[in-house]
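This report examines a single protein model.

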Amino acid sequence: MIAIIKYNGGNVNSVQNALERLGANSIITDDFELIKNAEKVIFPGVGEASSTMKRLREKGLDQLIPSLTQPVLGICLGMQLMCKNNEEGNTEGLGIFDCNVKKFPPLDLVPHMGWNTVSDLKPPLFSEISEESDLYFVHSFYCELSEHTTSVCDYILPFSASLQKDNFFATQFHPEKSGKFGNQILKNFLKI
């Protein structure tokens, strides 16, 4: 069973629908035991960083998520909150990834919204995905490049399109909305 973390952040239903299309069983939950005992965990998110971290703290999920030992996938805001801090609301994150989240400079349209290519792809999330594949993004803040970067997107400046450290994986793009390449990335996560 895959646990999709429930914390009043957006996008949980579209993630669950994508998993169902792939034949994977999932549950949307904030129950500690269900999350701790799940085969895999997905931490999706759409929303504002400081209010979301406040909700995570109120539920104790800020302590639970970094302690998980099974494969965990953060998506969009989920990825950003897994970093050490975020300029949005000057928010301290979960600190799983040693990198910062910054606001895009206003040198082009912000938010970065729509399809964009990713490169410098590293397995296992990007197995069977070709360089320069298009994936779907919606965000105004970006994760810096770091030792944990597993793919890069260039919009205004190069940034981490995905990260990995140990059992923690994260994508800035929305695999559940990224067509065949996004489906393959979710399949790759399910195989880990």
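## Backbone geometry in the loops

N90 counts as exposed, because its relative accessibility is 69% and the threshold for exposure is over 50%. The model is a predicted one. N90 lies in the loop between β5 and β6, and although N90 is not a glycine, its phi is positive, at about 45°. A positive phi also occurs at E132, a residue other than glycine, with a value near 65°. E132 is placed in the loop between β8 and β9. With a relative accessible area of 48%, E132 is partly exposed.

Two cis peptide bonds can be described as well. One joins V110 and P111, with omega about 15°; P111 belongs to the loop between β7 (97-103) and β8. Another joins P123 and P124, with omega about 5°, and P124 is found in the loop between β8 and β9.

## Helix α1

Helix α1 comprises residues 12-21, of which V12, V15, Q16, A18 and L19 are buried. Viewed down the axis of α1, these buried residues fall within an arc of 160°, so they line one face of the helix. In general, an α-helix has 3.6 residues a turn, so residues three or four places apart point the same way. The face of α1 turned away from the buried side carries the exposed residues N13 and R21.

The cover over the buried residues of α1 includes the strands β1 (2-5), β2 (26-29), β3 (40-43) and β4 (72-75), together with α6 (179-191). Just after α1 comes G23, which takes a positive phi of about 80°.

## Helix α3

In helix α3, which spans residues 49-59, the buried residues are A49, T52, M53 and L56. Around the helix axis they cover an arc of only 100°, which puts them on the same side of α3. K54 and E58 are exposed on the other side of α3.

Packing against the buried residues of α3 involves the strands β3, β5 (83-86) and β6 (91-92), along with the helices α4 (61-67) and α5. G60 follows α3 and has a positive phi, near 80°.

## Buried residues and their contacts

F126 sits in the loop between β8 (112-118) and β9, yet F126 is buried, with a relative accessible area of 4%. Beyond its neighbours within four places in sequence, F126 is in contact with L121, L135, T150, S151, S162, F173, I185 and N188.

H148 is located in the loop between β10 (141-143) and β11 (149-155). H148 counts as buried because its relative accessibility is 8%, and buried means under 20%. Leaving aside neighbours within four places in sequence, H148 is in contact with F97, D98, S162, L163, Q164 and K165.

S133 belongs to strand β9 and, at 2% relative accessibility, counts as buried. Residues up to four places away in sequence aside, S133 touches N116, T117, V118 and F181.

## Cysteines

Zero disulfides are present in the structure. For C83, which is in no disulfide, the nearest cysteine sulfur is that of C99, 3.5 Å away; a disulfide requires sulfur atoms within 2.5 Å. C83 is buried, at 0% relative accessibility. C153 is likewise in no disulfide, and the nearest cysteine sulfur, that of C143, is 12 Å away. The relative accessibility of C153 is 0%, and C153 counts as buried.

## The largest pocket

About 210 Å³ of space lies in the largest pocket. Its lining consists of 15 residues, of which G47, C76, V138, H139 and S140 are the closest to the pocket centre. By class, the lining has six nonpolar, seven polar and two charged residues.

Which secondary-structure elements each supply at least two residues of the lining of the largest pocket? These are α5 (77-81) and β9 (133-139). β9 is also the strand in which S133 is placed, and α5 is among the elements that pack against the buried residues of α3.

Conventions:
Residues numbered from 1 in each chain as written. Predicted model: local features only at pLDDT ≥ 70, side-chain atom pairs only at ≥ 80, totals over all residues. Heavy atoms only, no water. 1 Å grid on protein atoms, 1.4 Å probe; cavity = no way out; pocket = protein on both sides within 12 Å on 5 of 7 lines; lining within 4 Å. Points joined across faces, edges and corners; volume = space filled by probe spheres on them. Helix = DSSP H or I, 4+ residues; strand = E, 2+ residues; numbered from the N terminus. Nonpolar A, V, L, I, M, F, W, Y, C, P; charged D, E, K, R; others polar. Buried < 20%, exposed > 50% of the residue type's maximum accessible area, 1.4 Å probe, protein only. Arc of directions from axis to C-beta. Contact = heavy atoms within 4.5 Å.
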